[in-house]
Amino acid sequence: MGVRARRPEHPRRPADFPRLVLIEGGHDAWKPEVAQAFAKGGGNRVLFICSQSFCERDARWAAARLREAKIPTRIVKTADVGHRYHGPVAEATRKSIPWSLEGDARFGDLLPAP
């Protein structure tokens, strides 16, 4: 008799991951029903970091779906340096993290004082 793999309960758990920072992607899945499920499940903030124009365009599409679901969303566009995570992309991410964590008591001591 073979061993049956256990299927995870659900791969998307907004209550466990209510704040997302998506760098150079992650925008194509935000159809209206997905954005609504994220909001209803406890999701509450999404930050897109883009260094390419097509990423920014796609992030704007996704942000519109998220805003319709009442999810605060921010798009940060860096210099066009290609699909990478260092340099201007890392700097933009570092500067934007406070917005991502704002209002979340779990991270209050990591944020700069107002």
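Biologist: How many helices and strands does the protein chain have?
Modeller: The protein chain has three helices and three strands, where helices (H or I, at least four residues) and strands (E, at least two) are DSSP runs numbered from the N terminus. Starting at the N terminus, the elements run β-α-β-α-β-α.

Biologist: And what kind of model is this, and how are the residues numbered?
Modeller: This is a predicted model, in which local features need pLDDT of at least 70 and side-chain atom pairs count only at pLDDT 80 or more, while totals for chains, interfaces and linings use all residues. Residues are numbered from 1 along each chain as its sequence is written, and side-chain values use heavy atoms, with hydrogens and water left out.

Biologist: OK, what share of the residues counts as buried?
Modeller: Of the 114 residues of the protein chain, 35% count as buried; buried means under 20% relative accessible area, exposed means over 50%, and partly exposed lies in between (1.4 Å probe, protein chains only).

Biologist: Which cysteines form a disulfide?
Modeller: The structure holds one disulfide, and Cys 50 and Cys 55 form it, with their sulfur atoms 2.2 Å apart; the cut-off for such a pair of cysteine sulfur atoms is within 2.5 Å. In general, a disulfide is a covalent bond between the sulfur atoms of two cysteines.

Biologist: Is that link left-handed or right-handed, and are its cysteines buried or exposed?
Modeller: The link of Cys 50 and Cys 55 is left-handed, with -60° about the S-S bond. Cys 50 is buried, because its relative accessible area is 1%, and Cys 55 is buried with a relative accessible area of 1%.

Biologist: Switching to rings, which residues form an aromatic pair?
Modeller: The count comes to one aromatic pair, where rings of Phe, Tyr and Trp (its six-membered ring) pair if their centres lie within 6.5 Å, and planes under 30 degrees apart count as stacked, over 60 as edge-to-face and the rest as tilted. Trp 30 and Phe 38 form this pair, which is edge-to-face, at 5.2 Å centre to centre and with 75° between the planes.

Biologist: Are those two buried or exposed?
Modeller: Trp 30 counts as buried because its relative accessibility is 7%, and Phe 38 is buried too, with a relative accessible area of 6%.

Biologist: What about Arg 45, where does its charged end sit?
Modeller: The charged end of Arg 45 sits over the ring of Trp 99, 4.6 Å from the ring centre; the rule asks for NZ of Lys or CZ of Arg within 6 Å of the ring centre and within 35 degrees of the ring normal.
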